[in-house]
Amino acid sequence: MKILDQEVAAGSTLSYGGLIEKIEILRSALRWASRLERPDIERLLRQAGALRDDVMHLSHQERFVHAAASEPTALNRSTRQRREALIARSFVFEGAFGDNPKLLEALEVAEKAAPTGLPVLIDGESGTGKELMAKVIHANGNRADRPFVSVNCGAIPDNLLESELFGHNKGAFTGATADRKGKFESAHGGTIFLDEIGELPLAGQVKLLRVLEAHEIQRVGADRTIAVDTRVVAATNRDLRKLCEEGRFREDLLYRLNVIHITLPPLRERRDEIALLFDYFGDEAAESLKRRPIEMTPRLRAFLLDYAYPGNIRELRNVVYRLSCLAGQTADFEHLPADIRPVVPAKPTPAPAGHGHAPAAADLSEAKRLASDQAERAFLERALLETGGLVTELARRCDMNRSHVQTLLKKHGIRSKDFRASARDQQ
Ligand SMILES: Nc1ncnc2c1ncn2[C@@H]1O[C@H](COP(=O)(O)OP(=O)(O)OP(=O)(O)O)[C@@H](O)[C@H]1O
Ligand SMILES: [Mg+2]
């Protein structure tokens, strides 16, 4: 028993291999013990307790993510190879697109989670694809041909919540004119997607917890319970742990829902894929709108590649659909939604006729040089007009050396005889 103590205590890093080893040591201690004294029983109980704590610890959110990421094969392969491997395993993407490592990790976790029937909690910012991921999990499991029922927990009024989720019997409350199935019953055999789970009021949380524990529901106004076999996938863009600390979300429900945890990356962590997503949604929009894929002006493309996308993939997709709908062959700033359209500086007022436009300057000293040249040219042209193209007269009036005037005229490509001709025309 002494040896057992040391062996079980050894190996402080927590891993499944380490856990199984500890369990095996415990098992063989029991197998070979011919008689156990009370102190031995106490020791074994302590060890079993420690093991239970370790299992609890490992079963927290990192568990599946860790398992997926720590596979040596996954670590060593490029994202493209990982995607190809998913395809080779007949993974159903449901239109989920991207090679970003965090997205692939989420897809690999979804692949592992899909056939288990375990509850999954998906979190991520708005528009990162939480509902899409829930559909991916459903489509890759053995419930794929059964219903996928989506419930937005934030959109149901508190007084209707119970009836919406669990159904009601005729006469259960005013307005209950007939028996009605709830979402859980409708999703029997399939998956129920509880969107915005952080918005579920505390009373609803208690009822949901009961269903998750007992796998049965009770319609409002009914005496009997109905067994339901519904896989639960929940999603949130809130920090549920923080809500628990604030007393607004039940911790026991969080642990029930969070058996497998998937976090979806925001688009700003997948910026390298924005250009690919333009093409992907551009083709998709072209097909659905029955048109040629949209092209973008270079300035629009540069703007959209640089844009922050607070609404993540949904926003990018919506922008591409909007451009595809509003623009002809090529989209530009004017086709963007007004609230994100960049302010284009007004065109500079054109220079007076005959003086040409000031070319764009790269910096201030360049701008000064250009302005000075333009003023010089304007002065010479006006003076030549006044002197009827006579360079000698111009030099005299301006008190300049004649050859210097000639040099300046040459610099600006001004021909004095053009002004003589124009003076003749005016006569
Ligand atoms: N990886 C992806 N590949 C292709 N399309 C995606 C991807 N992720 C999201 N989308 C698309 O973006 C849109 C928004 O996705 P979804 O509704 O799943 O986001 P969400 O996280 O549930 O958003 P919200 O929090 O606002 O409810 C959908 O049209 C979805 O098909
Ligand atoms: Mg959603």
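A crossing is left-handed if the near helix is turned anticlockwise from the far one by less than a right angle, and right-handed if clockwise. In this predicted model, α6 passes α7 in a left-handed crossing. Two other helix pairs and a ligand site complete this report.

**Helix pairs**

Two packed helices are described by the angle between their axes and the distance between the axes. The table gives both values for each pair.

| Pair | Axis distance | Crossing angle |
|---|---|---|
| α6 and α7 | within 10 Å | roughly 25° |
| α7 and α8 | within 8 Å | roughly 40° |
| α18 and α19 | 9 Å | about 110° |

**α6 with α7**

Helix α6 spans residues 79-88, and helix α7 spans residues 101-113. Angles under 35 degrees count as roughly parallel, so α6 and α7 are roughly parallel to each other. On the α6 side, the contact is made by T79, R82, R83 and L86. P101, L104, L107 and E111 come from α7. By class, this contact has 4 nonpolar, 1 polar and 3 charged residues.

**α7 with α8**

Helix α7 also packs with α8, their axes crossing at roughly 40°. That makes α7 oblique to α8. The crossing of α7 past α8 is right-handed. A106, L107, A110 and A113 of α7 meet M133, V136 and I137 of α8. What classes of residue make up the contact of α7 with α8? There are 7 nonpolar residues, with no polar and no charged ones. L107 of α7 takes part in the contact with α6 and also in the contact with α8.

**α18 with α19**

Helix α18 covers residues 391-398, and helix α19 covers residues 402-412. They pack at an angle of about 110°. This makes α18 roughly perpendicular to α19. α18 passes α19 in a right-handed crossing. V391, T392, L394 and A395 of α18 make the contact, together with R402, V405 and Q406 of α19. By class, the contact of α18 with α19 holds 4 nonpolar residues, 2 polar and 1 charged.

**The ligand site**

Which residues are closest to ligand 1? They are F97, S126, G129, K130 and E131, out of 16 residues that surround the ligand. Helices α8 (130-139) and α16 (312-326) are the elements that give two or more residues to this shell. By class, the shell around ligand 1 has 4 nonpolar, 8 polar and 4 charged residues. Two domains contribute to the shell: domain 2 (66-168 + 181-265) and domain 3 (268-335) each supply at least three residues.

Methods: Residues numbered from 1 in each chain as written. Chains lettered and ligands numbered in written order. Predicted model: local features only at pLDDT ≥ 70, side-chain atom pairs only at ≥ 80, totals over all residues. Axes fitted to C-alpha atoms, helices over the stretch in contact; angles between N-to-C directions. Helix = DSSP H or I, 4+ residues; strand = E, 2+ residues; numbered from the N terminus. Parallel < 35°, antiparallel > 145°, perpendicular 65-115°, else oblique. Contact = placed C-beta atoms within 7 Å. Nonpolar A, V, L, I, M, F, W, Y, C, P; charged D, E, K, R; others polar. Near = placed C-beta within 6 Å. Domains from an automatic or database assignment.
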